[in-house]
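Please keep the sequence and the model at hand while reading.

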Amino acid sequence: MKILETENLSFSFQPGKPVLQKVSFGMDDAQMLAVIGPNGSGKSTLIRILSGVLKPEAGKISIQQKPLLEFGKKNLARKIAVVPQQTQITFSYTVLEIVLMGRAPYLKRFQLEGKRDLEMARRALELTDCEELAGRSIDEISGGEKQRVILARALAQEPEILLLDEPTAHLDLHHQIGFMQLLIQLKTESKISILFTTHDLNLASIFADQILILDQGKVAGLGNPGQVLNPELLSRVYQIKLKLIPNLYPNRPYILPEI
Amino acid sequence: MTALTRAKLFSILAFLFLLLVFAIVLSLWFGPAEVSLSLPELKRQFFALLSSEPLSKNGAILFRIRLPRALLAGLVGGGLAMAGASFQALLRNPLADPYILGVSGGSAFFAILGMIFLTSLGFATIPIFAFFGAILAILLVLAVARTRGRLPVITLLLAGVVVNAFFSALVMFILSVTSISHLPSAIFWMMGDLSAKNYSTLAAVSLYYLPGIALLLGLSRDFNLMALGEESAEQLGVNIERTKLLTFISASLITAVAVSVSGLIGFVGLMVPHIIRLIFGPDHRLLISASFLFGATFLVLCDLIARTVISPAELPVGVITAILGGPFFIWLLRQSREQPAG
């Protein structure tokens, strides 16, 4: 059974200008799927649709074979957690307060967080290596730390699926790799299925189990890195000449522009 | 640092409530006239008030003038502060306030229209008029301020100031061309006035407040999630459009009622939530209710200053709040400019 599956998903903001066209793909349990494609290829829109923020125009999305639209907002938030590219937080909450917000889908309207909620928050902080930050104010910490805190908040939701929109775009190399290794750990230890978008083809090649290539809203390729990353396809999609060289890691090619 | 617990929430609220009671007692104590009552006499006068028997001169000063005035100050201050905290959460902007957003101005203009055209119906209908004005003003401000789908802080503030000035001018225009004696004075409309209210007005204010306060308390956690951004809030289970709509309506209603009975009192909704956040943190499940209690205390004390500082003459209470609020606003603006734009 696929944990997440889409069938002929289509979407447009304006009539006649489709952002996504007949996108079909599926994700297995504890799988890491990278979505790549040029700017405007529909990557972020895909995440917004999968998280229920935008309604698809046509096509189906199902989570464990149940249609996404049949989930209430709160129930959906218990299945799927989202880490946006950047989070602007308005007031000076502490890191712990931010992470506890991930428990909202489990609380009744006037209910405060209880023991279990605190425990889940602590565990999420531990997993993301943010324990020492718990009491700090969110606007005092660095960008890399903040992205980990937002991930901790998402993990506090106890999701089965994690969607991340260019999670490493604003991080330096150290934090990029650290963040990706953390995702791998979540995948293998907590059995969370992970979908992330990225502009870094090599990051996708090294870390993803599957890669989905979007080009102008259409699926241009889907498969494991070794299969799907080929120079002709990528050169066409990105409209530049690209070369692939074998990597240290089998079936994970390294992509270089031709100059 | 721990999370918000029931014990912490209630002890902070209890503390703020005691502070409010203390402020009210202070404001009964002080005033242009010396009032000295022995404790038994005080008690006798209080029960005379409850059973609508005639009061002594001192008793009347205390229970027919100072107490309703202090309670009104409390209701108005509490309402404005709560509305301010809610507008700040809604617009994700700590500089929002019913007065700065022009909501108070819109309320005032429609309240005065109500007073002219519906004189026979008494106070009870005025807040409904003011409510329409509040909604109209905020829609106007948002329409003017929205640039390419976003709400930049600067245009929002400018739009609010302009809308407020516009409606204030309309109020002054009406006051200049009509000679209806029962209309509140220009001072009331420009700087606020908490004097000469009776207990039935207080009851009406409380009743109008009730649905607004209940809704805002119910939305408190959603306000926390909205601080992460509207989309993140939605992905955490918040019905964002409904939350925004209800917040608009509730905060506008409370502002409208407050303006109907007190005129234009600025900066309470700006200062009070900020002080609460500085002391107790930004969690809205505490902030919304704490802002009401502390806003009440704040305005009771401002009114006490306003009526004693140049005694026997009185200052409009808005003079005090603006003298405190102006510099506060500038300080806040500079602070928020030091952080990356939101």
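In chain B, helix α4 passes helix α5 in a right-handed crossing; a crossing is called left-handed if the near helix is turned anticlockwise from the far one by less than a right angle, and right-handed if clockwise. The model is a predicted one, in which local features need pLDDT of at least 70 and side-chain atom pairs count only at pLDDT 80 or more, whereas totals for chains, interfaces and linings use all residues. Residues are numbered from 1 along each chain as its sequence is written, chains are lettered from A and ligands numbered from 1 in the order in which they are written, and side-chain values use heavy atoms, with hydrogens and water left out.

Two packed helices are described by the angle between their axes and the distance between the axes. Helix α4 of chain B covers residues 103-117 and helix α5 of chain B residues 126-145; their axes come within 7 Å and cross at roughly 145°. Axes are lines fitted to C-alpha atoms, for helices over the stretch in contact, with angles running from 0 to 180 degrees between N-to-C directions. Helices (H or I, at least four residues) are DSSP runs, as are strands (E, at least two), and both are numbered from the N terminus. Contact means heavy atoms within 4.5 Å. On the α4(B) side the contacting residues include B:Phe110, B:Leu113 and B:Met115, and on the α5(B) side they include B:Phe129, B:Phe132 and B:Leu136. By class, this contact of α4(B) with α5(B) has 13 nonpolar, four polar and no charged residues. Here Ala, Val, Leu, Ile, Met, Phe, Trp, Tyr, Cys and Pro count as nonpolar, Asp, Glu, Lys and Arg as charged, and the others, Gly among them, as polar.

Attention now turns to the contact between the chains. The size of an interface is often given as the accessible area lost when the parts come together. Chain A and chain B bury about 3100 Å² between them, 58% of it on carbon and sulfur atoms; buried area is the accessible area (1.4 Å probe) that two parts lose on being put together, summed over both. Chain A contributes 37 residues to the contact and chain B 39 residues. Within chain A, the residues losing the most area to chain B are A:Phe91, A:Arg109 and A:Leu112, together 23% of what that side buries.

Four salt bridges are found across this interface, a salt bridge being a side-chain nitrogen of Lys or Arg within 4 Å of a carboxyl oxygen of Asp or Glu. A:Arg109 pairs with B:Asp222 in a salt bridge at 3.5 Å, N to O. A:Arg48 and B:Glu231 form a salt bridge at 3.0 Å, N to O. This pair runs from helix α1 (residues 43-50) of chain A to helix α10 (residues 230-235) of chain B. A:Arg48 is partly exposed because its relative accessible area is 27%, between the limits for buried (under 20%) and exposed (over 50%), with a 1.4 Å probe and protein chains only. B:Glu231, at 29%, is likewise partly exposed.

Within chain B, B:Lys244 forms a salt bridge with B:Glu241 at 3.9 Å. Both lie in helix α11 (residues 240-262), three residues apart, about one turn of the helix. B:Lys244 is buried at 18%, whereas B:Glu241 is exposed at 51%.
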